Amino acid sequence: MMTTPTTSTDVPMSQADPFGPEVLEDPLPFQTELRDAGPVVYLDRYDVYAMGRYEEVHAALTDWQSFQSAAGVGLSNFRYEKPWRPPSLLLEADPPHHDAPRVVLEKILGPGALHRLRDAWFADAELLVDEVLGRSTVFDAVQDLSEVFPLRVFPDAVGLPAEGRENLLPYGDHLFNAFGPSNELVQKGAPRVAELSAWVNSQCTRDVLTDNGFGAQVWDAADKREITHEQAPTIVRSLLSAGVDTTVHGLGAVLYAFATNPEQWTRLRGNPGLKRTAFDEAVRLESPVQTFFRTATTDIDVGGTVIPDGKKILMFLGAANRDPRRWDDPDAFDLSRNPSGHVGFGMGIHQCAGQHVARLESEALLSALCARVASIEIAGPTIRHHNNTLRAWESMPVRVTLA
Amino acid sequence: MSAETAFRADASEIKLRVEKKVRVSNGVTTLTLVRPDGKRLPDWTPGSHIDLVLPDGTTRQYSLCGDRWDPHRYRIGVLRERDGRGGSAFICDTLPEGAMVGLGGPRNNFRLVPSEKYLFIAGGIGITPMLPMVQQAEMLDAEWQLVYIGHNRHSMAFLDELERYGDRVSVLPKDECGRFLLSSWIREGRDDTKVYMCGPASLLDEAHDRCGSWPTGLLRVEHFVPKEQGAPVRDDPFEVELAQSGLSVTVAPEVSIVDALKSAGINLLTSCKQGTCGTCEVAVLAGEPDHRDSILDDDERACGDRMFPCVSRSCSDRLIFDL
């Protein structure tokens, strides 16, 4: 459909493709240009309004009244297009419909609820690290650690059966690609979509889940009438959609940060209290979730540009997290910095409900590594994995020295 | 000045300003509250209440009865109670527009859950949490009815606002309709209908009696008798001690614990700075927290072993954190 953009003539415009292979391989130059061009940049190729500065991105994330999620948080506008899967009741919903599912999931994944998992996850991390180091001190941080650890602990915590878990990463990879335009990355996932979706949906039913995991707790909330039984499977689906790839790439980010900043590893070992800061600082720096869209619910004035009602807004979380207007020396991984306030988990009513889970996974893995590893460095070419939304690696060879 | 120290937009806001004060009925005054810096207030859902900390340090809970699509304002409705402890009389008679009040929460113990049908029963000032609920029930396309009981039409607030809902709302002043008969509105518990009630104890006691055997979650009730609070909120400094490092920091009245620690070089990881996300959670080893967050329920608050220092403060002279 040809549309005539109703932009003000003042808004900077760009023909760039933020979802093309060049930008996905290295987004930083594009993000710098985006931030420097202005508070809002119109992306002609996709008819969207992009923002990369911290202030604007933070404001858009928190202003759910003007920047809605129910018309989709990808390029696809649910006002005009059918979603590829039934919309998420968390991610792709606004108040009032968003309220009940959100409060239920927040409680299940909240800091209090995770206390009971702490010891087990720390023990699992130690086991995995011992396994990996037992084989060699040269290994792949992604293929041996960051892709493995979340899959060891999270599906169990959800209550999934053992079979079929290898479907989780491909499902997540496609779904995060699908927030972008229907480019090659989306098309490559198309052949398996139906099969993977069917599998994921089958994992959300009450009879398949164990009776005390996160999934069961969603069903318990339905029994208590906090949500409906019709809503329960889709809420469990959110756990499986958003809970795996994100943590895999978050852990990849923190391992990469340390492998490329050896003095920070030494610092961490000397001050274990920095573990939490380390993960959030790595999430800030790499922003595993790089972008999300919103849709304008009315004409919105952003820094002098009017974004018309119904238009898509593309928020660059990764760019905001490296905005020199907000962060000193933003491209440095620095454990003396306070990364609080980064938007790697979003902000506001849609802020990542799983952030405490992610932090616990990282704390456990870093704890286990700190105990055994004196130094860590990159040992070969790192290979990125391209995804329309996620900042990811396919391979990260590292070499460690034992403590 | 570095970018990070210059950036103040995410500083915790502790006090709100009374923007507007309106006597809306015989006995009920509304207050509209805003942040002094004009920024967004913490998000809330229908049924939420806030802790209002008055200038003398006393704390009262009031339901939010405004429009959550206006993120810059909270509205509460205060019933002037003759036999109360004086807080409501102070608010209605004395507290002026422009005054500053302290904020805790919002918290929600009275959530609107999904339902095909709703029956809202409000007694007196119990109407306040129901106003955003009926607005929301409309948006959810649910079938709903509101029964509003009160002394007389002069005492019953918000009748003008409720007019737009036509006959979905039954206004039953006692001087016109006589004593309210719950039995004419509620019989058996129905799976497709959630009943929400808020009002005086006598009304709610009758509801508990009548609906006691109903399946869980069909009747939801919020009591409007203010709970006994502890000592008045302190307005003098307190100490926060970090057990593991032995460091001790003084927290001044206008400063959040997180900001006080930050000034002393201690960086606690935070995120929302509003007491909603849970990131800054700390374990409390000693002392009595003054909880201002939106996360902990009453039992968890009473336990006192965890708190969220981005917004919460201290009742005792000292808190010891396990940090």
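Guide: In the hairpin of E12(B) and E13(B), with 5 residues between the strands, B:Gly246 takes a positive phi near 80°. This is a predicted model, in which local features need pLDDT of at least 70, side-chain atom pairs count only at pLDDT 80 or more, and totals for chains, interfaces and linings use all residues. Residues are numbered from 1 along each chain as its sequence is written, while chains are lettered from A and ligands numbered from 1 in the order in which they are written.

Visitor: How do you know that strand E12 and strand E13 of chain B pair?
Guide: Two strands pair if DSSP finds at least two bridges between them. Strand E12 (residues 238-242) and strand E13 (residues 248-251) of chain B are joined by 4 bridges, so they pair, and they run antiparallel. B:Phe238, for one, has B:Val251 in E13(B) as its bridge partner. Strands here are DSSP runs (E, at least two residues), as are helices (H or I, at least four), and both are numbered from the N terminus.

Visitor: Why is A:Ser287 called buried?
Guide: A residue is buried if 20 or more other C-beta atoms lie within 10 Å of its own, exposed if 12 or fewer, and partly exposed in between, with C-beta atoms placed from the backbone. A:Ser287 has 27 other C-beta atoms within 10 Å, so it is buried. A:Ser287 sits in the loop between H14 and strand E6 (291-296) of chain A, and its phi is near 45°, a positive value in a residue other than glycine.

Visitor: And what makes B:Phe158 partly exposed?
Guide: B:Phe158 has 19 C-beta neighbours inside 10 Å, and therefore counts as partly exposed. Its phi, near 75°, is also positive in a residue other than glycine. B:Phe158 belongs to the loop between strand E8 (143-150) and helix H4 (159-162) of chain B.

Visitor: What makes a set of residues the largest nonpolar core?
Guide: A nonpolar core is a set of buried Ala, Val, Leu, Ile, Met, Phe, Trp, Tyr and Cys residues joined through C-beta atoms within 7 Å. The largest has 175 residues, and those with the most contacts inside it include A:Val57, A:Phe316, B:Phe120 and B:Met130. Helix H12 (residues 245-259) of chain A gives the largest share of this core, 9 residues. At least three residues come from each of domain 1 (3-107) and domain 2 (117-223) of chain B; the domain bounds come from an automatic or database domain assignment. A second, separate core of 18 residues includes B:Leu261 and B:Phe308.

Visitor: How do you know which residues of chain A and chain B are in contact?
Guide: Two residues are in contact if their C-beta atoms, placed from the backbone, lie within 7 Å. By that rule, 33 residues of chain A are in contact with 29 residues of chain B. On the chain A side there are 11 nonpolar, 13 polar and 9 charged residues. Here Ala, Val, Leu, Ile, Met, Phe, Trp, Tyr, Cys and Pro count as nonpolar, Asp, Glu, Lys and Arg as charged, and the others, Gly among them, as polar.

Visitor: Why does the radius of gyration of chain B agree with a compact globule?
Guide: The radius is taken over C-alpha atoms, and the globule rule is 2.2 Å times the number of residues to the power 0.38. For 323 residues the rule gives a value near 20 Å, and chain B has 21 Å, so the two agree.
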